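Here is a friendly walk through a two-chain model, one region at a time. Keep the viewer open as you read.

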Amino acid sequence: MNQKQEENLAGSGRLPGTDEAYPAAKGAPGYPVSKGASGTDEARPAHGRHIKGSTGRNALVRKELADHLRSKRFLILLVLIGATSFASLYGAISGLADAIAADSNFIFLKLYTTGGSSIPSFMSFIALLGPIIGLALGFDAVNSERASGTLNRLVSQPIYRDSIIVGKFLAGTAVIAIVIFTMGIALGAIGMAVTGLVPETEEVLRILIFLIFTVVYIAFWLALSILFSVVCRHSATSALASISVWIFFAIFMSLVASIIANAVYPVNDQYRAMFNSLNNYTLNQNLNRISPYYLYSEAISTIMNPTVRSVNVVTMDQLVGAISGYLSLGQSLLLVWPHLTGLAALMLVAFGGSYIGFMRQEVRSN
Amino acid sequence: MAEKMEHIIQTSHLTKRYGSKLAVNDLNLSIRRGEVFGLLGPNGAGKTTTILMLLGLTEPTAGTATIDGCDCTRNPLEVKSVVGYLPDNVGFYTDMTGRQNLRFTGRLNGMGGRELEERIDALLERVGMTEAADRRTGTYSKGMRQRLGIADVLIKDPEVIIMDEPTLGIDPEGMRELLNIIRDLSVKDGRTVLISSHQLQQIQQVCDRVGIYVEGSLIACGTLPELEKQIQKNGTYLLEVDVEPCDDQILGMLASQPGILGIQKEGRRFMITSKTDIRPQLTKFLGEHDYTVMHLHQRGGDLDEIYRRYFEKAGQNDGSNESEARRKFGRKRKAAGNG
């Protein structure tokens with residue numbers, strides 16, 4: 001029987017994995033079909049639609065994008081981010097005079113970095129609340145499709161299976177980019193109109209880099225929530241799991257880091273502090289940098305604040321002979337290059353995890 | 001070779017093991033082009049696993065499956081472009097309309113433009129969903145979703161359609177329509193249809209051939225008459241007889257007839273077990289003795305009976321005796337009737 005099958009394969013002139021093997025369509029909607037006559041390639045007219053992996057993925061990305069943009073969830077996020085942005089802009093403008101008095105260069109950037117009257121700056125708002133955009137877009141990406149039975153239908157279409165998860169991630173990232181760039185640019189535009197400040201080229205570049213960082217940062221949270229949506233059966237579980245990770249990194253990570261640092265390098269009396277304080281601080285900082293929240297905050301405060309000259313501890317020795325001044329954009333970028341790499345790596349690890357998890361999972365829903 | 005291509009779906013020694021559980025055991029199945037094949041078996045018999053392997057969604061532990069000459073495991077994309085799959089409990093994006101759902105499926109299959117729109121219209125018409133097409137699928141009933149599911153499967157113009165439990169939870173009227181559509185898919189379009197089900201009555205109306213599947217093994221396969229013959233060859237005949245007048249005298253007379261193995265009285269009805277087909281002798285005998293035959297029915301003609309017999313046989317192989325299996329089955333039936 002196997003032999004016959006092989007003959008059959010060879011006889012029909014099919015090469016596995018090529019488009020030539022794509023079978024005939026039965027034609028227009030009326031489709032009467034000639035039974036049994038379609039055994040050979042001659043009997044199979046060349047087919048119009050060749051399935052490529054990208055066709056399905058594009059359709060998927062388009063559908064996911066449309067879904068996101070039309071959803072109520074997106075509207076809520078937009079309102080949330082919009083409200084916080086304008087609140088922070090209000091705070092920044094009211095605190096602007098003080099900030100300018102302290103340092104009168106790069107004023108336009110101060111619209112993003114200063115807060116006022118107990119309102120945090122746009123930068124710290126985004127660092128804290130940005131993750132929620134990513135989480136909201138991704139926490140039910142896969143498990144809701146599984147629960148509603150649409151995943152079954154999707155995987156039985158002639159598309160590569162990874163197109164599904166890649167499509168979801170790409171669409172989510174596109175939505176994030178749209179939201180972040182819209183908000184960032186709108187904030188600058190309104191700030192310009194209200195204060196009459198005009199940004200310099202370097203300021204514009206710094207803002208763009210800041211926005212790119214933000215997209216990568218939030219895309220990490222998207223990837224993480226997609227990972228949870230692959231792993232957890234119920235979307236409530238995955239939402240809870242991703243929110244708890246977010247809260248842990250945003251609030252508790254710094255506590256944990258300092259506890260560990262103090263345990264390893266105790267600084268509880270003057271004598272020990274003399275020896276340990278440098279190590280203690282460095283360890284604390286490095287532990288904190290595991291948290292994407294800290295990594296991102298450190299990076300953007302360097303980018304948005306040219307007076308930041310170092311992200312690590314600087315000893316008095318190193319400062320001897322240093323001239324106080326602003327870092328050029330290139331130098332600032334050099335400082336945070338590891339941060340960007342780290343964030344991108346975290347994002348890829350999270351996405352890679354969800355990718356592998358999804359590809360290995362059984363399709364059946366029960 | 002042309003004869004060979006007649007078999008569009010072929011599996012050879014297909015096996016799937018989940019841990020220590022054998023879900024599909026050495027399945028050799030050939031399905032001809034254009035026929036309606038029913039894969040029958042109780043829940044958990046490995047039907048869905050088989051289907052997933054045919055679609056290349058699950059990797060077999062051993063053996064191969066081919067559809068239209070393509071290896072299902074190695075070239076799942078090509079297989080999926082000729083095979084339409086209607087899962088049990090088919091799901092749609094509830095916040096999209098029926099038409100939008102179909103359009104999305106069309107795009108995933110690389111279609112678009114006017115060709116796709118015309119096709120969607122034609123298919124909606126065909127499954128009788130034109131009026132509901134622009135409503136959100138979240139508002140659809142189970143039967144409507146099932147019909148939209150068929151339209152969805154047909155978008156890619158598949159040569160093979162695989163349906164997993166399509167009759168589950170459908171009302172009788174919807175069932176009739178569904179079966180008509182299935183019949184049409186085979187007769188008018190010449191598509192091959194593979195239906196998996198545990199509901200016998202519905203399936204036997206549309207299937208050309210059936211395979212009976214118990215615990216991962218295909219224990220019988222063929223057309224209904226073939227299966228019937230298979231049972232009767234190695235089994236006994238069971239005849240239901242209802243006569244007038246119904247007195248005890250007849251019982252004794254019948255029992256002494258040659259060829260009759262046993263006779264039981266259930267209410268007004270006699271259940272006669274015999275080695276051979278005794279209908280001709282019996283009617284003659286009854287006529288000679290002035291009895292009127294009110295009812296005469298040879299059991300085993302319908303799928304339910306066949307199904308039952310095969311299950312009994314499968315049970316016997318496991319070491320349990322026939323009467324026990326029958327009792328068990330009776331209880332199950334009763335429970336189903338109550339539920």
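This is a predicted model: local features need pLDDT of at least 70, side-chain atom pairs count only at pLDDT 80 or more; totals for chains, interfaces and linings use all residues.

## A residue in a strand of chain B

In which strand of chain B does B:Asp242 lie? B:Asp242 belongs to strand β11, residues 237-244.

Residues are numbered from 1 along each chain as its sequence is written, and chains are lettered from A and ligands numbered from 1 in the order in which they are written.

B:Asp242 counts as partly exposed because it has 15 C-beta neighbours inside 10 Å. (With C-beta atoms placed from the backbone, a residue is buried if 20 or more others lie within 10 Å of its own, exposed if 12 or fewer, and partly exposed in between.) Leaving aside neighbours within four places in sequence, B:Asp242 is in contact with B:Arg268, B:Arg269, B:Met294 and B:His295; contact means C-beta atoms, placed from the backbone, within 7 Å. B:Met271 is 29 residues from B:Asp242 in sequence, and their C-alpha atoms are 9.0 Å apart.

## Chain B: overview and strand pairing

Chain B has twelve helices and 14 strands. Of its 339 residues, 44% count as buried. Among contacts in chain B with a separation of 6 or more, 67% come from residues 24 or more positions apart.

Strand β1 (residues 7-18) of chain B runs antiparallel to strand β2 (residues 21-32) of chain B, and eight bridges join them; strands pair if DSSP finds at least two bridges between them. B:Leu14 stands opposite B:Leu27 in β2(B). The hairpin of β1(B) and β2(B) has two residues between the strands, and B:Gly19 takes a positive phi near 60° there. β1(B) is also joined by five bridges to strand β4 (residues 62-67) of chain B, again antiparallel, with B:Ile9 opposite B:Ile67 in β4(B).

## Two helices packing in chain B

In chain B, helix α3 (residues 98-108) packs on helix α4 (residues 113-126) at about 130°, with the axes 10 Å apart. Axes are lines fitted to C-alpha atoms, for helices over the stretch in contact, and angles run from 0 to 180 degrees between N-to-C directions. That angle makes α3(B) oblique to α4(B). (Angles under 35 degrees count as roughly parallel, over 145 as roughly antiparallel, 65 to 115 as roughly perpendicular and the rest as oblique.)

Which residues meet where α3(B) and α4(B) pack? From α3(B) come B:Arg99, B:Leu102, B:Arg103 and B:Gly106, and from α4(B) come B:Leu116, B:Arg119 and B:Ile120.

## Over to chain A

A:Gly172 sits in helix α8 (residues 161-195) of chain A. Why does A:Gly172 count as buried? Because A:Gly172 has 27 C-beta neighbours inside 10 Å. Not counting residues up to four places away in sequence, A:Gly172 touches A:Leu137, A:Gly138 and A:Leu222. A:His68 is 104 residues away along the chain, yet its C-alpha atom is separated from that of A:Gly172 by 7.8 Å. Just after α8(A), A:Gly196 takes a positive phi of about 80°.

Elsewhere in chain A, the axes of helix α9 (residues 201-231) and helix α14 (residues 329-360) come within 8 Å and cross at roughly 20°. α9(A) and α14(A) are therefore roughly parallel to each other.

Technical notes
Helices (H or I, at least four residues) and strands (E, at least two) are DSSP runs, numbered from the N terminus. Two residues are in contact if their C-beta atoms, placed from the backbone, lie within 7 Å.
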